[in-house]
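Visitor: Hi! Could you walk me through this one? I'll ask as I go.

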Amino acid sequence: MTIAAGVRPKSPIERLLAANSWLVYAFFYAPIFLLIALSFNDNENVGVWTSASTRWYSEMFQQDDVMRALRNSLIVASVSTLISTLLGTAAAISLERFRFRGQRVYDGLVYLPIIIPDVTMAVMLLLFFAQAFNIIDGLFGSKPAFGLGTISLAHIAFNISFVAVVVRARLAQLDSSLEEAAADLYATRWQAFRYVTLPLIMPGVAGGALLALTLSLDDVVVTSFVAGPGATTLPVYVFGLVRRGVTPLINAVSTVMLAASMALVLISLFFQRGTGTVAITEEEPLEET
Amino acid sequence: MSEHPLPDPADTIAEMLHQPELESDAVRSESRRGVLIALPSWIYLTLFFAIPLLIVVVYSFATRSSTGLTRLTGWNIESYKRLFDPLVAEIAFRSIVLAVATTLICLAVSYPFAYYIATRTPKWRNLLIVLVLIPFWSNFLVRTYAWRIILGSDGPLAQITEWMGFEPVRLLFTNSAVLIGLVYGYLPFMVLPLYAALERMDWSLVEAARDLYADGWTAFRKVTWPLSRPGVIAGSILVFIPSLGAYVTPALLGGAKTTLLGDYIVSQFLAARNQPFGSALSVAVMVVMLGAVVVYFRSGAKNL
């Protein structure tokens, strides 16, 4: 291994680095494992371990509130992922493969939602919907309500940008001579896109869609601002409960949410297998060992 | 951001046509096609992002009526003046200190960590980085909630310290709890860009420095560190920005005396009903963050 030349194997520095790394992994995983373990604790008091049981899981499935919030989350996440993946992919293609007037402004518009903190985004959308609903009320005499619709619109607004960034990174790595070759072989722009570009950027599109799905399923701040009464998503519902204290039921719900996130990681790794890209890190160079 | 050495597809098509009089038509229709593809997301982001952003700026100059409604007349900068109130300044100062501390701790922990992963064999490297990706993708709220259990008054930390014969350590609802929560939440955001930078680095340059009689420390300081700087800056921004605007972490782990900018802004809308002041706070936080990002792009980094 050539790279180890700077650090002699088993030198004191090397040992310190290794120790630090194992501590970081312990720090990452100890809370997660603790939470999972406690969700199987039979006792109503979270701090006292009695015996293992799946009592809280069966209780969770009987709670109408939890199930309703879960259903809402799934609706919002699928709608916003679908639309933001379409819009975000189109945005990435137009930014990476075309030149047009106003592109720089558009470029900034696509990047800004990523940089802006959730709290500001939440405030912006709350004021916007309130204002827009007043105008609609004045024009048509009926006022739309905050609910799953506003939540989905808000989630699409921040997800477009994340999808666009992920797909764009993939497009930038792509050799554009492949598309030119297709054009040389008398493919129309659409055919070149459909049969050459699209299959090649699919891992990026899938990665962007999974990121959008994760962000939508995780969001608390923006959702709680634009949710309105009666339409809570699972994270917002859990957040409300958690602020009041720790209960074994929340542990069970949290473990289910963790399991869902981990399933998404595995799916995303599966999609990126063989393409050499792992999430936001760069392509793996071939290396002789 | 948009300067790419890639050949413009419009040029390619114009070349293929070999007919000068058609060239500009082809370019024009290409550019029209680009706009058409961009249009749906352009309209969407204008409607649900640019206009809302504008509304916040407008509201920040409005007046709050005595009933808590916002009067869109009599524009003034009172809300901005209030940013310099001692109370607000204290909250802003505490938020900035916590965000800077979070960033520095994450950097100090992540750099040797990412260095260690980047210097493993490719097989190990992939496994080790996947183990970082799992917490990175895991639900942020749930991960923060786990610390509420750990730091709670009869949680594991208190129990362990008591069992060891010390005074039980109870950190929940303090600044330290918020700091731990922020570091835990955003650590993967620091590790991943650092790893990307170190992994991509040309290690033969370090060897060259060693061949020229640089000791390990000098080689690190003069070669490794400067080469990994884009990763350091990217990671710092990715940690600093969400820490400064954090809402969930202080809401779950902090107490009444540890209000931060994020929950202070939220309370202006949901509790105090002072929308102009809340808007002014949001605008101020946004300006700070945009400043941080401009610094980032100035330093030569190309992507987020």
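Visitor: How many salt bridges does the rule find across the interface of chain A and chain B?

Guide: Two salt bridges turn up across the interface of chain A and chain B. A salt bridge here is a side-chain nitrogen of Lys or Arg within 4 Å of a carboxyl oxygen of Asp or Glu. Before going on: this is a predicted model, where local features need pLDDT of at least 70 and side-chain atom pairs count only at pLDDT 80 or more, while totals for chains, interfaces and linings use all residues. Residues are numbered from 1 along each chain as its sequence is written, chains are lettered from A and ligands numbered from 1 in the order in which they are written, and side-chain values use heavy atoms, with hydrogens and water left out.

Visitor: Which side chains meet in a salt bridge at 3.2 Å, N to O?

Guide: A:Glu14 and B:Arg120 do, at 3.2 Å from N to O. In general, side chains of opposite charge can pair when their charged atoms come close. Over all chains, the structure holds twelve salt bridges. The A:Glu14 and B:Arg120 pair crosses between chains, from helix 1 of chain A to the loop between helix 4 (86-118) and helix 5 (122-137) of chain B. Helices (H or I, at least four residues) and strands (E, at least two) are DSSP runs, numbered from the N terminus.

Visitor: And how many residue pairs are in polar contact across that A and B interface?

Guide: The rule finds 14 residue pairs, both residues at pLDDT 80 or more. A polar contact is a pair of N or O atoms within 3.5 Å; within protein, one must be able to donate a hydrogen and the other to accept it, and residues adjacent in sequence count only if both atoms are side-chain atoms. Helix 1 (residues 12-39) of chain A gives the largest share of the chain A side, 16 residues. By class, that side has 68 nonpolar, 22 polar and 18 charged residues. Nonpolar covers Ala, Val, Leu, Ile, Met, Phe, Trp, Tyr, Cys and Pro; charged covers Asp, Glu, Lys and Arg; the others, Gly among them, are polar.

Visitor: What area is buried between chain A and chain B?

Guide: About 9700 Å², with carbon and sulfur atoms giving 74% of it. Buried area is the accessible area (1.4 Å probe) that two parts lose on being put together, summed over both. In contact terms (heavy atoms within 4.5 Å), 108 residues of chain A meet 104 residues of chain B.

Visitor: Switching topic, which domains does the assignment give chain B?

Guide: Domain 1 (9-59) and domain 2 (80-298), with bounds from an automatic or database domain assignment. Four residues from domain 1 and six from domain 2 of chain B make the contact. The C-alpha centres of these two domains lie 38 Å apart. They bury about 410 Å² between them, 74% of it on carbon and sulfur atoms. The domain 1 side of chain B has four nonpolar, no polar and no charged residues, and the count of salt bridges between the two domains is zero.

Visitor: Where in chain B is the mean pLDDT lowest among the elements?

Guide: Helix 1 (residues 9-17) of chain B, at 56, whereas helix 4 of chain B has the highest, 94. pLDDT is the predictor's confidence in each residue, from 0 to 100. Where pLDDT is low, the predicted coordinates should not be read in detail.

Visitor: What does chain A average?

Guide: Chain A averages a pLDDT of 86, and 91% of the residues score at least 70. Over residues 1-7 of chain A, though, the pLDDT is below 50.
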